[in-house]
Amino acid sequence: MMYVVFIMSVLYVVGFIGFSSKPSPVYGGMSLVVSGGLGCGIVTSSGGSFLGLVVFLVYLGGMMVVFGYTIAMATEEYPETWGSNVVVLSAFLVGLLMEVFMVMWLFSGEHELVGFYFSGLEGLMVLGEGGFEYVREDYSGGASLYSYGFWFLAMAGWMLFVSIFIAIEVTRKRY
Amino acid sequence: MPYIYINIILAFVISLIGTLIYRSHLISSLLCLEGMILSLFTLNALLSLNINFTLSTIVPLILLVFAACEAAVGLALLIIISNTYGLDYVQNLNLLQC
């Protein structure tokens, strides 16, 4: 049970290998949705339930839905899955093998990699998990977007507004 | 440094390689771009929560807003390509215009 966050992060990487080995986009989108759900689980296990909900609602529920029906529009008659093409299958197996070797290498002691000292599993124990926290960090951080980060909010809102016009004019070939 | 960060940075590198290598569809590369942004979001959120620096939880939210705009423009370009050529195959793109 202590290792559940690490197992989730390993499955996250396996999901990324799944769509990075380029099957047909239908299966790639499905793999990205699975990775998004696991990423939400990783973020929520560190105490960030608001940010996990943002991943599900905004990322999976907004952006992936748009990708989903764009894929449905530009798809082919016989979509190729991971098992139907030897190129996709071999890329997936090479990535999986790399991940397994990396996990085995990690658990064989303490290592130093590019200046960071990776040692032990102390990041997996979330302190204060059983009780209530007095400061919900991610809620108050998200709320400070409206008070301290007002300029961020103004620029992000303006950018979303302009990008609607950009998308409309690009689709009409008026670039 | 916890072990989870290696996996998430590795996920970013894997989807970066997936963005740079083309197979038949153009939308597969756009999906790998979305995967890069998801891994950056997860990394930012985990770092903000582990350092207990509350104000920097704004950064993943702003990153997600920029990612939405970028996905919209990318999909609009894909739509014109799909309207001109019928499918979004990379081998069709030999005219240097959409």
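The questions and answers below walk through a predicted model.

Q: How far apart are the end C-alpha atoms of helix α4 of chain A, and what span should its 21 residues have?
A: Helix α4 of chain A covers residues 86-106, and at 1.5 Å a residue its 21 residues should span 30 Å. The end C-alpha atoms agree with that expectation, because the distance between them is also 30 Å.

Q: Within what arc do the buried residues of α4(A) fall?
A: Residues count as buried when their relative accessible area is under 20%, and in α4(A) those residues are A:V88, A:F92, A:G95, A:E99, A:M102, A:V103 and A:L106. Seen down the helix axis, they line one face of α4(A), because they fall within an arc of 100°.

Q: Which exposed residues does α4(A) carry on the face turned away from its buried side?
A: Exposed residues are those with over 50% relative accessible area. On the face of α4(A) turned away from the buried side, the exposed residues are A:V86, A:V94, A:L97 and A:M104.

Q: How much of residues 148-168 of chain A is helix?
A: An unreviewed UniProt entry lists residues 50-74, 86-107 and 148-168 of chain A under "transmembrane region". In the model, residues 86-107 are 95% helix and 0% strand, with end C-alpha atoms 32 Å apart. Over residues 148-168 the end C-alpha atoms are 33 Å apart, with 0% strand, and the helix content is 90%.

Q: Is A:K22 buried or exposed?
A: A:K22 is found in the loop between α1 (4-20) and α2 (25-45) of chain A, and its phi is near 55°, a positive value in a residue other than glycine. Most residues other than glycine have a negative phi. The relative accessibility of A:K22 is 4%, which means that this residue counts as buried.

Q: What is the phi of B:N52?
A: B:N52 lies in the loop between α2 (27-51) and α3 (58-85) of chain B, and at 49% relative accessibility it counts as partly exposed. Although B:N52 is not a glycine, its phi is positive, at about 60°.

Q: Which residues line the largest cavity?
A: About 30 Å³ of space lies in the largest cavity, and by class its lining has one nonpolar, four polar and three charged residues. The lining residues are A:K22, A:P23, A:S24, A:E80, B:R23, B:S24, B:H25 and B:S28.

Conventions
Residues are numbered from 1 along each chain as its sequence is written. Chains are lettered from A and ligands numbered from 1 in the order in which they are written. This is a predicted model: local features need pLDDT of at least 70, side-chain atom pairs count only at pLDDT 80 or more; totals for chains, interfaces and linings use all residues. Side-chain values use heavy atoms; hydrogens and water are left out. Helices (H or I, at least four residues) and strands (E, at least two) are DSSP runs, numbered from the N terminus. The expected span of a helix is 1.5 Å times one less than its number of residues. Buried means under 20% relative accessible area, exposed over 50%, partly exposed in between (1.4 Å probe, protein chains only). The arc is that of the directions from the helix axis to the C-beta atoms. On a 1 Å grid over the protein atoms alone, a cavity is a set of points where a 1.4 Å probe fits but cannot get out, and a pocket is an open set with protein on both sides within 12 Å along at least five of seven lines; lining residues have an atom within 4 Å of a point. Grid points are joined across faces, edges and corners, and a volume is the space filled by probe spheres set on the points. Ala, Val, Leu, Ile, Met, Phe, Trp, Tyr, Cys and Pro count as nonpolar, Asp, Glu, Lys and Arg as charged, and the others, Gly among them, as polar. UniProt positions are given in the numbering used here, feature names are shortened, and annotations may be inferred rather than shown by experiment.
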